[in-house]
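User: Please take a close look at the ligand site in this model. Which contacts hold the detail there, and what surrounds them?

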Amino acid sequence: MALSTDHSTRSVADILGAIAASTEAVAQQKPGAREKVLALSHQLVSALETPSETIQRMGWAEVFDSSPKAYNLMGSYAESRQPARFAATQLAVDLNIFEKLEETHDAPATEYGNPGNIADGPFQFAHKTQNPFFIWLAEHPGYGEQFNNYMSGYRQGKRSWCDEGFYPVMDRIGQGLNPETPLLVDVGGGLGHDLLELRTNHPELSGRLILQDQPDVIKQVGNAAEGIELAVHDFFTPQPVKGAKAYYLHSVLHDWDDASCLRILNNIVPAMTPGHSKLLINENVVPDFGAAWPITSMDWLMMALGAVKERTERQWRGLLQQAGLEVKGIWTYEQGTESLIEAEVAV
Ligand SMILES: C[S@@+](CC[C@H](N)C(=O)[O-])C[C@H]1O[C@@H](n2cnc3c(N)ncnc32)[C@H](O)[C@@H]1O
């Protein structure tokens, strides 16, 4: 869902005007003035944010790190002076936050590192399981279905990689196609929203569009994805579709640790035709400085859910290189959006 510019511009201007008109009363601590501006601020947020941002804010960002209070309490990438380092804020230091963590946690034993075992992280502790998140989901179909619905909601209002001004689809994957050959294989593609967007934004592209996912997910798609081929495929097994123009992984690799990602990539690379096939990865690329809240809060969420992390550009390049892939370009639309990483088989 796109933000309606006319409506939101008018609302935002009105709300900002009302806030400006109340600042004097707040400064003078008039009864009710602070509450009024607070209520207006909530209206301002709801006028500005997309459904995706609402889900992020209510679902995890405020809990983890993005609300000014929690964020300032712990620290942020934004305040760090070292690349890709998280810096404690003055408030965290003043409140001895990290000493408190040390008392309640076995942090020193892990040298304060991220949890790194996908079968033994915070999620497994909470749910008393030894299964990684997606295996647990597959065993709990009700939750799996809700997760798939959530992924569709999470995409609403977000820039799509195939929107004008993001990844130059026609230039990069639009040449040398014919209707019989696979254009794009969406590996772990969920309910197929990316393929539907590609078809809507680029109806002129020819070639087969193939959605692959786990059995329950493909069953949930049913016949809701007309013109898209549905296939049950476990991405830890060899990719059956050979020589596609593009293999696409959206929010898949960030679910897994490096060893699992290499297994996924090593199962795709043999299917790629050198000089023809591209691997497209749609993920956050954490900037070394000043990462925006949608990215830093997602990093916290991934730690909690999967004992995994969002990756920096250096980490992405290193991972792909290990799989015999060479990065051809990274496209980012604006601060805080996911990026499109394009790679080919290294020659
Ligand atoms: C975070 S979701 C991303 C879904 C979709 N690509 C998107 O961006 O909305 C990860 C997807 O990976 C799928 N998945 C997990 N393990 C899988 C496996 N072994 N083989 C294939 N798909 C798998 C899940 O079912 C889920 O749809």
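Analyst: A polar backbone atom of Gly-188 lies 2.8 Å from a nitrogen atom of the ligand, a polar contact being a pair of N or O atoms within 3.5 Å; within protein, one atom must be able to donate a hydrogen and the other to accept it, and residues adjacent in sequence count only if both atoms are side-chain atoms. On its own the ligand has 590 Å² of accessible area, of which the protein covers 96% (Shrake-Rupley method, 1.4 Å probe; for residues, only the protein chains shown count as cover).

This is a predicted model, in which local features need pLDDT of at least 70 and side-chain atom pairs count only at pLDDT 80 or more, while totals for chains, interfaces and linings use all residues. Residues are numbered from 1 along each chain as its sequence is written, and side-chain values use heavy atoms, with hydrogens and water left out.

Around the ligand there are 19 residues, and those that come nearest are Arg-155, Gly-188, His-193, Asp-213 and His-250; a residue is near if one of its heavy atoms lies within 4 Å of the molecule. By class, this shell has six nonpolar, eight polar and five charged residues (Ala, Val, Leu, Ile, Met, Phe, Trp, Tyr, Cys and Pro count as nonpolar, Asp, Glu, Lys and Arg as charged, and the others, Gly among them, as polar).

Helix 9 (141–155) and helix 11 (193–201) each supply at least two shell residues, and helix 9 gives the most, with three. Helices here are DSSP runs (H or I, at least four residues), as are strands (E, at least two), numbered from the N terminus.

The unreviewed UniProt entry annotates residues 182–325 as "domain: O-methyltransferase C-terminal"; UniProt positions are given in the numbering used here, feature names are shortened, and annotations may be inferred rather than shown by experiment.

As for confidence, the predictor gives the complex an ipTM of 0.99 and a pTM of 0.84. The protein chain averages a pLDDT of 85 (the predictor's confidence in each residue, from 0 to 100).
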